Amino acid sequence: MVTKQFTSHTALNGLFPERKSAYHQFHSTKSAVLVLHNDIVCAIDRGEMTGLVLLDLSSAFDTVDHTSLLSILESRLSVTGQSLAWFRSYLTDRAQVFITRSSPTSPIPLTSGIPQGYGLGPTMFISYTENTSPIFHAHCPISSVC
C-alpha cells in the first residue's frame with residue numbers, strides 16, 4: 001500500500017526521472033535496452049561518437065545512507081509530516097546480527113541500507129538516485145528520436 005501511494009505521488013508530481021525503466025509500470029529491462037539501442041543507433045547515424053558505461057549495482061541497496069535518503073524524501077520529493085515520520089521509523093533503530101557456529105554477534109546498528117523483501121525498497125533506491133539524471137543529461141545529451 002505504501003509503495004503504491006508513494007509511486008503515485010512521485011508520478012503525479014513528475015518527481016522521478018522520465019527515462020527510468022526499473023520498477024516502473026509497463027517498463028522492463030527490455031524497454032530500457034531498446035531505448036538505449038535506439039539512442040546509440042541514432043547517435044551513430046548523426047556521426048556522433050558514442051560510448052556506454054555500465055555499472056554493477058548488485059549491492060547498491062546496501063549503500064543508501066538513511067539520513068541522506070530522509071533528506072531527499074523531504075526536500076526533493078515533498079514527503080512531509082506523518083508520511084516522513086513513517087519513513088523515518090521504517091529506516092531507523094535497525095540492527096544486524098551475524099550468527100556463527102559459536103554464537104550470534106552483538107547487534108550492530110544500521111545507518112545505511114534499505115530493508116529488502118518489501119516492494120518499497122526499489123522505489124526508495126530510485127528516490128535516492130533520482131538526482132543523478134541531470135548529471136547525465138548535462139554531459140550526454142540524449143535524443144530518443146532519430
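I take helices (H or I, at least four residues) and strands (E, at least two) as DSSP runs, numbered from the N terminus. The model is predicted, so I ask pLDDT of at least 70 for local features and 80 or more for side-chain atom pairs, while totals for chains, interfaces and linings use all residues. I count residues from 1 along each chain as its sequence is written, and side-chain values use heavy atoms, with hydrogens and water left out.

**Entry: two loops**

I looked up S78 in the loop between α3 and α4. S78 has a positive phi of about 60 degrees although it is not a glycine. Most residues other than glycine have a negative phi. I call a residue buried under 20% relative accessible area, exposed over 50%, and partly exposed in between (1.4 Å probe, protein chains only). S78 is partly exposed, at 47%.

D93 sits in the loop between α4 and β1 (95–96). I find a positive phi here too, about 55 degrees, and D93 is not a glycine. D93 is exposed, with a relative accessible area of 80%.

**Entry: α3 against α4**

How do α3 (residues 66–75) and α4 (residues 81–91) pack? I read an angle of about 165 degrees, with the axes 11 Å apart. Axes are lines fitted to C-alpha atoms, for helices over the stretch in contact, and angles run from 0 to 180 degrees between N-to-C directions. I note α3 and α4 as roughly antiparallel. That label needs an angle over 145 degrees; under 35 is roughly parallel, 65 to 115 roughly perpendicular, and the rest oblique.

**Entry: α2 and what follows**

Helix α2 (residues 29–45) has 17 residues. I find 24 Å from its first C-alpha to its last, close to the 24 Å expected at 1.5 Å a residue. The expected span is 1.5 Å times one less than the number of residues. Which residues of α2 are buried? They are S31, D39, C42 and A43. Seen down the axis, these buried residues fall within an arc of 105 degrees, so they line one face of α2. The arc is taken from the directions from the helix axis to the C-beta atoms. On the other side of α2, I list T29, K30, L34, H37 and D45 as exposed.

Just after α2, G47 has a positive phi of about 80 degrees. I also checked R46 and E48, whose side chains meet in a salt bridge (3.1 Å, N to O). The term means a side-chain nitrogen of Lys or Arg within 4 Å of a carboxyl oxygen of Asp or Glu. The structure holds 1 salt bridge.
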